[in-house]
Amino acid sequence: MSTATRAARPAATCPIRPGEPCTLCQVDVTGPQDCGLVWLVMGDDELREGVHRTRLGRRPVPSGAGQRGGGSGRTSPTS
């Protein structure tokens, strides 16, 4: 009889929420490898870049990189 112990499987981390475990928030998902949300985000260049910036500690993006139109989208009231 073998007394070898089975190594614990490492917990999968969520690529969308860096530093957090995969919570299986989608129905019929077994982890990040078959998560529809991960597939959508990683398939979109802008969203994937946003996740990458979050992982890097929210470092500022070099000027001109990944900007669309600029500004915050807010308009200031005129007097």
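Colleague: Why does R17 count as partly exposed?
Modeller: This is a predicted model. In it, R17 has 27% relative accessibility. Buried means under 20%, and exposed means over 50%. R17 falls in between, so it counts as partly exposed.

Colleague: What makes R17 and E20 a salt bridge?
Modeller: Their closest N and O atoms are 3.1 Å apart. The cut-off is within 4 Å, so the pair qualifies. E20 is partly exposed because its relative accessibility is 40%.

Colleague: How many salt bridges does the whole structure hold?
Modeller: The search finds 2. R48 also forms one, with D45. There the closest N and O atoms are 2.6 Å apart.

Colleague: Why are R48 and D45 separated by about one helical turn?
Modeller: Because they are 3 residues apart in helix α2.

Colleague: Is D45 buried or exposed?
Modeller: D45 has 56% relative accessibility. Exposed means over 50%, so D45 counts as exposed. R48, at 34%, counts as partly exposed.

Colleague: What are the axes of α1 and α2 doing?
Modeller: The axes of α1 (residues 36–43) and α2 (residues 45–55) come within 5 Å and cross at roughly 100°. Angles of 65 to 115 degrees count as roughly perpendicular, so α1 is roughly perpendicular to α2.

Colleague: Which residues make that contact?
Modeller: V41, M42 and G43 come from α1, and D45, L47, R48 and V51 from α2. By class, that contact has 4 nonpolar, 1 polar and 2 charged residues.

Colleague: Why does P21 count as partly exposed?
Modeller: P21 sits in the segment before α1. Its relative accessibility is 49%. Exposed needs over 50%, so P21 stays partly exposed.

Key
Residues numbered from 1 in each chain as written. Predicted model: local features only at pLDDT ≥ 70, side-chain atom pairs only at ≥ 80, totals over all residues. Heavy atoms only, no water. Axes fitted to C-alpha atoms, helices over the stretch in contact; angles between N-to-C directions. Helix = DSSP H or I, 4+ residues; strand = E, 2+ residues; numbered from the N terminus. Parallel < 35°, antiparallel > 145°, perpendicular 65-115°, else oblique. Contact = heavy atoms within 4.5 Å. Nonpolar A, V, L, I, M, F, W, Y, C, P; charged D, E, K, R; others polar. Buried < 20%, exposed > 50% of the residue type's maximum accessible area, 1.4 Å probe, protein only. Salt bridge = Lys/Arg side-chain N within 4 Å of Asp/Glu carboxyl O.
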